[in-house]
Amino acid sequence: MKKLSRLVATLGVALAGAVLAAPQAASAAADAEVPGVPMGVQQVRSASSATQTDVYWKPVSHAARYRVTVKDGAATVASTLVPATQALADGRHHLSVATPNACSTYKITVRAEDAFGQGDQITVTEKSLAPTIVTKARGYRGTDRSRAVFEMSAPQWKGYLVGPAGGARGDDLKRPTIAVTTKLQLVRLADNKVISTVTTTQTGWTTAKLTRTFSGLDAKRAYVLKVSTANGWGSCARQEGKILLNAIRA
């Protein structure tokens, strides 16, 4: 019995030592320096290839690598690891990522990570090459029910200029030259017949409203005005708008 008691006691001491050893390892990992948020993150559409965006950021202390993720909506386009040992250019890290769709707005996340994958991140937005849709749109009839007025504000984002080498170039907001063409197509809902098609072009980053009046309409029928915008990169089906004009019921 004495020998059995000594054996149990010895096993108890061994187990206690094993249990105490685990928190020490966890404590050491918790005490490690975790990289913070990358600073100076900047995204610039490539001047030589509009389907590429150059991403820059400053080095982060204790980072072993950087994870750069590009998303188009909920879909991940790419996820790239950049080692912290990468040679710097002007004191910054650099990565060229694919942003191929002229109509997409991309979310680019730069995350600094240590060897355990711990770290912090920041996300920036790369806007579309093509313009967005018009805003604050409405259609209404006046006293003459055969006439309808449609009005809308210019797109909040008018896109990029086409660069001389096929890349993208931001407009000079002090001397803007970008042109956005708005196409208005009035359709009768009863038979989906196109009644009228009008295009108009606005130059610069104007905030002026666009107003168009259509005459000779049937007061008892509903219409829809299809609106699309385009610049040097074209137009986008996903950014087409529709303005409903209701029929007048007697």
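The model is predicted: local features need pLDDT of at least 70, side-chain atom pairs count only at pLDDT 80 or more, and totals for chains, interfaces and linings use all residues. Residues are numbered from 1 along each chain as its sequence is written, and side-chain values use heavy atoms, with hydrogens and water left out.

User: What makes Cys-103 and Cys-236 a disulfide?

Analyst: The term applies to a pair of cysteine sulfur atoms within 2.5 Å. The S to S distance between Cys-103 and Cys-236 is 2.1 Å, so the pair meets that definition. A search of the whole structure finds 1 disulfide.

User: Where in the chain do the two cysteines lie?

Analyst: Cys-103 belongs to the loop between strand 5 (93-98) and strand 6 (106-113), and Cys-236 to the loop between strand 16 (234-235) and strand 17 (241-245). The pair links distant parts of the chain, 133 residues apart. Strands here are DSSP runs (E, at least two residues), numbered from the N terminus.

User: Why is the disulfide of Cys-103 and Cys-236 called left-handed?

Analyst: The torsion about its S-S bond is about -90°, so the disulfide is left-handed.

User: Is Cys-103 buried or exposed, and why?

Analyst: Buried means under 20% relative accessible area, exposed over 50%, and partly exposed in between (1.4 Å probe, protein chains only). Cys-103 has a relative accessible area of 15% and is therefore buried. Cys-236, with a value of 4%, is buried as well.

User: Why are strand 4 and strand 7 called edge strands?

Analyst: The open sheet of 4 strands has the order 4-3-6-7, with antiparallel pairing. Strand 4 (75-83) and strand 7 (119-126) each pair on one side only. Neighbouring strands of this sheet are turned by 15° against each other on average, direction ignored; such angles are taken between N-to-C directions, from 0 to 180 degrees, with axes as lines fitted to C-alpha atoms.

User: What is the strand order of the open sheet of 3 strands?

Analyst: The order is 8-9-14, with antiparallel pairing. Strand 8 (135-141) and strand 14 (209-214) are the edge strands, and neighbouring strands are turned by 10° on average, direction ignored.

User: How many bridges join strand 8 to strand 9?

Analyst: Strand 8 and strand 9 (residues 148-153) run antiparallel and are joined by 5 bridges. Gly-139 stands opposite Phe-150 in strand 9.

Note on methods:
Pairing = 2+ DSSP bridges.
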